[in-house]
Amino acid sequence: MSLKKILIKIMDFILLDCKQATFLVTKELEGSLTFWEKIRLKMHLLNCKFCYNFNVQNEKIDGILKATP
Amino acid sequence: MQETFLSAYKSKDSFKGKSSEKTWLVSILKRRIIDYYRKEAQRQEQNISSYQLPFYESGDFVNHWIEQRAPKNWDTDNQIHYDEFHRILQYCLSLLSPKHSLVFIMKILDECSSEEVCNEVNISSANLWTIMHRARLQVRECVEKKWF
């Protein structure tokens, strides 16, 4: 196992993998995360451009849907 | 048509001769047609809900984004694009399975509480989050594909 793979495993354990992270983004948009979930998600979003984009895009989608008369 | 004669031949012993051969064959044919459309409907339902999540299912990068399908940077600040974006969004929502789109719209547009949605669609709250998660992944990917 290369160093990179080991690092990914450790990061996943501490900071969630992308599937978990996007799941928590979904839950957060509906407004119900525990304290630790919030911390772990924030840390993940700082490290992962894709999940960060996912968060921004879904906020945008919600905004546009809600703005519809 | 051929199948009608085939199944008629197979079950020829059960034909009691109460009705004419023609009526008998037509009734078998009718049933065949109904079966066909029922199967077709089931197949389509499966197709709709067979959206593959954009994450690796195994390997070193399990549950990480598949790069080609990962969220890119959107530039939607431009006000001119608003109508177009909205039209695409509506189209993408229509691609969700009926259940998923109902949950999605109730939750976001009607701002229903989780309990209300769960009661309406008859699902558990864990199931609600899974559906919302899938729906958001699917809608986002569809919008990106159509728009950018």
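Which residues in α5(B) meet which residues in α6(B)? View 1 below answers this.

The model is predicted; local features need pLDDT of at least 70, side-chain atom pairs count only at pLDDT 80 or more, and totals for chains, interfaces and linings use all residues. Residues are numbered from 1 along each chain as its sequence is written, chains are lettered from A and ligands numbered from 1 in the order in which they are written, and side-chain values use heavy atoms, with hydrogens and water left out.

**View 1. Helices α5 and α6 of chain B.** S114(B), V117(B) and C118(B) in α5(B) meet S125(B), L128(B) and W129(B) in α6(B). Contact means heavy atoms within 4.5 Å. By class, this contact has four nonpolar, two polar and no charged residues. Ala, Val, Leu, Ile, Met, Phe, Trp, Tyr, Cys and Pro count as nonpolar, Asp, Glu, Lys and Arg as charged, and the others, Gly among them, as polar. Helix α5 spans residues 114-121 and helix α6 residues 125-147 of chain B. Helices (H or I, at least four residues) and strands (E, at least two) are DSSP runs, numbered from the N terminus. The two axes come within 10 Å and cross at roughly 95°. That makes α5(B) roughly perpendicular to α6(B). Axes are lines fitted to C-alpha atoms, for helices over the stretch in contact, and angles run from 0 to 180 degrees between N-to-C directions. Angles under 35 degrees count as roughly parallel, over 145 as roughly antiparallel, 65 to 115 as roughly perpendicular and the rest as oblique.

**View 2. Helices α1 and α3 of chain A.** Here α1 (residues 3-15) and α3 (residues 35-47) of chain A have axes that come within 9 Å and cross at roughly 140°. The pair α1(A) and α3(A) is therefore oblique. From α1(A), M11(A), D12(A), F13(A), I14(A) and L15(A) meet R40(A), M43(A), H44(A) and N47(A) of α3(A). Five nonpolar, two polar and two charged residues make up the contact of α1(A) with α3(A).

**View 3. The interface of chain A and chain B.** Chain A brings 29 residues to the contact and chain B 34 residues. The buried area is about 3100 Å², with 67% from carbon and sulfur atoms. Buried area is the accessible area (1.4 Å probe) that two parts lose on being put together, summed over both. Three salt bridges are counted between chain A and chain B. In a salt bridge, a side-chain nitrogen of Lys or Arg is within 4 Å of a carboxyl oxygen of Asp or Glu. In chain A, α1, α2 (18-29) and α4 (49-67) each supply at least two residues of the side that touches chain B. Helix α4(A) gives the most, with 14 residues. That side of chain A has eleven nonpolar, seven polar and eleven charged residues.

**View 4. The K5(A) and D60(B) salt bridge.** The closest N and O atoms of K5(A) and D60(B) are 3.1 Å apart. K5(A) lies in helix α1 of chain A and D60(B) in the loop between α2 (21-48) and α3 (82-95) of chain B, so the pair joins two chains.

**View 5. Helix α4(A) against helix α3(B).** The axes of α4(A) and α3(B) come within 11 Å and cross at roughly 100°. These helices are therefore roughly perpendicular to each other. I61(A), I64(A), L65(A) and A67(A) meet Y82(B), F85(B), H86(B), L89(B), Q90(B) and L93(B). The contact residues divide into eight nonpolar, two polar and no charged.
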